[in-house]
Amino acid sequence: MRNEKDTCFIENLNVCFEDKVVFENFSLSLPRDRITCVLGPSGSGKTTLLKALAGLLPNSTVPYAKASFVFQDDRLLPHLSALDNLAIVLEGKKADRRARARKMLADMELSDSEDLFPKELSGGMAQRVAIARGLLFDSDLLLMDEPFKGLDLALQERLIRYFIKYWESAPRTTVFVTHSILEAILVADKIVILGKGEKGANLLYEKEFTMPRASRALGDPEVDALRSEIHDLLISL
Amino acid sequence: MTKKRAVENIVAPITGIAAFIAIWWISAVAIGKSIILPTPAETLSGFFSLLADKTFYAAIGMTIARTLLAFVIAFFLACIFAFLSEICVFFKKAFSPITVIMRVLPTISVILIVLIWVRSRTAPILITMLVIFPMLYTTVLHAAEGVDPRLVEMCRAYRFSRKKILFYLYLPSMTPSVLTGISITLSFSVKLTVAAEVLASTQMSMGRFMKQSSAYIETDVLLAWTLAAILLGFLLEGLVLLLRKLYVRRYHEK
């Protein structure tokens with residue numbers, strides 16, 4: 001990934017699994033310290049893109065950055081408490097790491113759960129701890145792979161609020177993969193749509209979205225127009 | 001505990017043991033010769049008279065020491081070889097036929113060969129070690145292969161060091177299945193050590209006393225020693241299973 005003042009560039013990404021080409025000479029620009037939401041049909045390479053950016057693919061050709069990865073599932077270590085699941089991704093003395101982790105849990109309103117093991121957390125709480133872990137990890141890039149998938153609507157909205165609140169206090173270049181148009185509109189500074197081409201994934205749509213997050217709501221003409229535009233495009237794929 | 005579970009967990013095993021003792025008793029009475037098959041009461045009486053004998057404890061202590069020493073060495077080696085297999089596919093493939101040969105090798109062959117090589121004092125340790133090593137190797141390797149790949153991916157994403165991955169992911173994740181394997185192998189080790197002691201006539205061992213009582217046709221004493229060996233295996237297996245249960249309850253059960 002090449003970094004310039006306001007933008008990070010992914011250039012000529014090539015990924016293939018055995019005979020299947022997922023990306024061939026794929027390029028994408030990510031606005032620095034902004035959230036880029038990636039939409040697209042299943043199998044278009046959204047998760048593969050994140051894994052390539054995190055350096056998790058042995059056969060990827062793109063130089064990767066130090067990245068926080070929030071997965072679809074919580075992926076918490078079952079033998080560590082919520083607090084230690086956060087502290088373990090930090091560097092430094094144990095007391096300092098735990099203090100930082102404790103503060104993060106407090107910010108995410110999870111102070112009461114710091115001593116609980118993952119099996120004792122509800123699905124929503126565990127995912128909130130996983131998001132907290134991603135936000136706490138010192139990284140250049142935050143990668144989120146459908147982090148609110150499978151959660152009920154009310155919980156999704158609450159988690160999005162927590163995420164935005166914390167992210168705005170310390171913005172960082174973020175790639176956010178989702179299937180939900182509304183989720184993308186609520187969080188994105190830029191929206192891209194990936195399609196499945198003959199030679200791997202291609203970029204079908206790219207749009208910067210500058211409307212302040214606080215004013216984004218259903219019923220707003222700009223939000224509704226963008227929603228229909230993306231919906232129509234996704235339906236046509 | 002519900003009534004159904006109480007029946008399954010307590011009443012059923014007691015029924016099984018009671019049926020076994022009843023069949024044994026009836027057979028012993030029918031045969032009528034305690035030299036061939038003593039009754040459970042005679043065996044129990046022989047067991048209690050053994051309890052009064054100091055050499056009984058010395059023999060049990062030495063047999064436990066041999067069993068545990070063989071087990072610890074075999075487990076240590078199994079961990080090293082499983083670790084090498086996990087990080088190097090070539091080593092795993094190269095080592096695979098050796099473990100298969102070790103696994104299918106008749107135990108009696110191992111005992112007889114080792115008895116030619118080493119003295120009777122160390123033979124039971126080496127025999128037990130050689131026989132249980134492939135079992136422990138397979139247990140540890142399968143446990144390592146069973147670690148959740150999604151968590152491995154998470155550790156890589158967050159740049160965990162190898163040491164961190166080992167101590168915070170692999171070891172805790174492998175513990176339940178390794179403890180299950182240990183419990184089975186440990187009670188099997190007791191059987192093996194005793195069998196090797198019998199054939200090697202090892203000084204101060206349960207096996208040697210069993211061999212003596214067989215030679216003097218003291219069947220009640222032989223069965224009393226057998227009962228002691230069963231209780232020893234049961235105790236070791238039970239202790240490890242208890243540890244496993246506590247571990248799983250703490251970290252895994254909802």
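In which strand of chain A is the place of Asn25(A)? The legends below answer this and then turn to further views of the predicted model.

In this predicted model, local features need pLDDT of at least 70, side-chain atom pairs count only at pLDDT 80 or more, and totals for chains, interfaces and linings use all residues. Residues are numbered from 1 along each chain as its sequence is written, while chains are lettered from A and ligands numbered from 1 in the order in which they are written.

**View 1. Asn25(A) and Asp33(A) each have a positive phi without being glycine.** Asn25(A) is placed in strand S3 (residues 20-31) of chain A; helices (H or I, at least four residues) and strands (E, at least two) are DSSP runs, numbered from the N terminus. Its phi is about 45°. Asn25(A) counts as exposed because it has 11 C-beta neighbours inside 10 Å; a residue is buried if 20 or more other C-beta atoms lie within 10 Å of its own, exposed if 12 or fewer, and partly exposed in between, with C-beta atoms placed from the backbone. Asp33(A), with a phi of about 55°, belongs to the loop between S3 and strand S4 (35-39) of chain A. Asp33(A) has 14 other C-beta atoms within 10 Å and is therefore partly exposed.

**View 2. Asp189(A) occupies the loop between helix H6 (181-187) and strand S8 (190-197) of chain A.** Because it has 19 C-beta neighbours inside 10 Å, Asp189(A) counts as partly exposed. Neighbours within four places in sequence aside, Asp189(A) is in contact with Pro31(A), Arg34(A), Ile35(A), Thr36(A), Glu208(A) and Phe209(A); two residues are in contact if their C-beta atoms, placed from the backbone, lie within 7 Å. Phe209(A) is 20 residues from Asp189(A) along the chain, yet their C-alpha atoms are separated by 4.9 Å.

**View 3. The largest nonpolar core has 72 residues.** A nonpolar core is a set of buried Ala, Val, Leu, Ile, Met, Phe, Trp, Tyr and Cys residues joined through C-beta atoms within 7 Å. Leu86(A), Val129(A), Ala132(A) and Leu143(A) touch the most other members. Helix H4 (residues 123-136) of chain A supplies the largest share of this core, eight residues. When residues up to four places away in sequence are not counted, Ala132(A) touches Leu86(A), Met104(A), Leu105(A), Met108(A) and Leu110(A). Another core, of 52 residues, lies apart from it and includes Met62(B), Val114(B), Ile132(B) and Ala229(B).

**View 4. Chain B has 10 helices and zero strands.** The C-alpha trace of chain B spans about 70 × 55 × 30 Å along its principal axes. Of its 254 residues, 32% count as buried. Chain B is divided into domain 1 (1-32) and domain 2 (36-251), with bounds that come from an automatic or database domain assignment. The C-alpha centres of these two domains lie 28 Å apart. Seven residues of domain 1 are in contact with five residues of domain 2.

**View 5. In chain B, H8(B) packs against helix H10 (residues 219-251).** The angle is about 175° and the axes are 9 Å apart; axes are lines fitted to C-alpha atoms, for helices over the stretch in contact, and angles run from 0 to 180 degrees between N-to-C directions. H8(B) and H10(B) are therefore roughly antiparallel, a term used for angles over 145 degrees. Residues that make the contact include Leu179(B), Leu186(B) and Val190(B) of H8(B), and Leu232(B), Leu236(B) and Val240(B) of H10(B).

**View 6. Met174(B) is placed in helix H8 of chain B.** Met174(B) counts as buried because it has 22 C-beta neighbours inside 10 Å. With neighbours within four places in sequence left aside, its contacts are Ala143(B), Ala144(B) and Val147(B). The C-alpha atoms of Met174(B) and Ala143(B), 31 residues apart along the chain, are separated by 5.0 Å.

**View 7. Chain B touches chain A through 14 residues, which are in contact with 17 residues of chain A.** Helix H7 (149-157) and helix H8 (162-200) of chain B are the elements that give two or more residues to this side of chain B. H7(B) gives the most, with six residues.

Definitions and conventions:
Angles under 35 degrees count as roughly parallel, over 145 as roughly antiparallel, 65 to 115 as roughly perpendicular and the rest as oblique.
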